[in-house]
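Me: I'm new to reading protein structures. Could you walk me through one, feature by feature?

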Amino acid sequence: MPTKMLCASACTRFLPSFSLLSPQPLFRRRNCLIHRHNHQTPITMSAQHQIVEHVVLFKVKPDVDSSKVAAMVNGLNALTSLNLTVHLSAGQLLQTRSSSLTFTHMLHSRYRSVDDLKEYAAHPEHVRVVTENIKPIIDDIMAVDWISDDASVSPKPGSAVRVTFLKLKDESEKSRVLEVIRGIKDEFPAIEQLSVGENFSHDRAKGYTIASVAVLPGTADLEALDSNEELVKLQKEKVRDSIESVVVVDYVVPPPQSANL
């Protein structure tokens, strides 16, 4: 299975990646597996109704048949039919920028509440996909959940998404690091959404406590942001001493029909 992976040192690549700072009712019918309106649905939010972000990173075994990988991706994307998902997309990563932890695929989904996320996780169809299509073909998995105040529109197909997970040297620095990350959007106008928060699910997070999803119009914008080395370096310097390690992945939101390959 060909997997496009561009790996680099987490330390040397942290700056551009940091500055971009990514169970319910059964399926109704087969042709409703993808809800196209999910991709640009405005979400009305308040302090009581913020969006819950759920990101899962998968490392597929290198010798797995491509048909099994496709079944995993299709099974995950089919979960868009569950009523509690505000947004869901899954697919192969564009690249991973971390040297200590590398992944090949990603699931990004959003929910209106933590209870909705819990119900999704326990739903029989979700459990079936995990048991039949995911567990048999992966070497590693990582999942982080947080509450976002900047996820009012689902990323459009073709959008470039950068997901960053941070592990801190000292958890007392968490509030300051979160403040710095939230300010990044003001420095990089190309970022359409910057969803930042503190992880509240620790079982599969590998000790990473801060997460962000940055959404840009496309891969060209991602490359342009990375090329702004001076500004990126400035942002990195603000938190360098507080970070123990970082996981960064880039992903392109697939079109809805990709789930029916």
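Reply: Gladly! Let's begin with exposure: a residue is called buried under 20% relative accessible area, exposed over 50%, and partly exposed in between. Keep in mind that this is a predicted model.

Me: Is V153 buried, exposed or partly exposed?

Reply: V153 has a relative accessible area of 31%, so V153 counts as partly exposed. You will find V153 in the loop between β5 and β6.

Me: How far apart are V153 and H87 in sequence and in space?

Reply: They are separated by 66 residues in sequence, and by 9.0 Å in space, going from C-alpha to C-alpha.

Me: How should I read a sheet?

Reply: Start with the general idea: strands of a sheet pair through backbone hydrogen bonds, either parallel or antiparallel. In this structure, four strands make an open sheet with antiparallel pairing, and their order is β2-β4-β1-β5. The edges are β2 (85–92) and β5 (138–148), each of which pairs on one side only. On average, neighbouring strands in this sheet are turned by 10° against each other, direction ignored.

Me: How many bridges link β1 and β4?

Reply: Seven bridges, in the antiparallel sense, link β1 (residues 51–60) with β4 (residues 105–111). To see the pairing for yourself, look for L57, which stands opposite M106 in β4. Helix α2 (residues 66–78) packs on the sheet and touches β1, β2, β4 and β5. The direction of α2 makes about 170° with that of β2.

Me: And what about the cores?

Reply: In soluble globular proteins, nonpolar side chains tend to be buried together. Here the largest nonpolar core has 23 residues, and those with the most contacts inside it are L166, V177, I181, F188, I191 and I210. Several elements supply at least two residues each, including β6 (160–168), α5 (174–182) and β8 (210–216). The largest share, four residues, comes from α5. Apart from this core lies another one of 22 residues, among them V52, M72, Y111 and I138.

Me: Which residues is I210 in contact with, leaving aside neighbours within four places in sequence?

Reply: Among them are T164, F165, L166, V177, I181 and G197.

Me: How many aromatic pairs does a search of the whole structure find?

Reply: One aromatic pair turns up. Y111 and Y120 form this pair, with 5.1 Å centre to centre and 50° between the planes, which is a tilted arrangement.

Me: Are Y111 and Y120 buried or exposed?

Reply: Y111 is buried because its relative accessible area is 0%. Y120 is also at 0% relative accessibility, so Y120 counts as buried.

Methods:
Residues numbered from 1 in each chain as written. Predicted model: local features only at pLDDT ≥ 70, side-chain atom pairs only at ≥ 80, totals over all residues. Heavy atoms only, no water. Core = buried A, V, L, I, M, F, W, Y, C linked by side-chain atoms within 4.5 Å. Buried < 20%, exposed > 50% of the residue type's maximum accessible area, 1.4 Å probe, protein only. Contact = heavy atoms within 4.5 Å. Phe/Tyr/Trp six-rings, centres within 6.5 Å; stacked < 30°, edge-to-face > 60°. Pairing = 2+ DSSP bridges. Axes fitted to C-alpha atoms, helices over the stretch in contact; angles between N-to-C directions.
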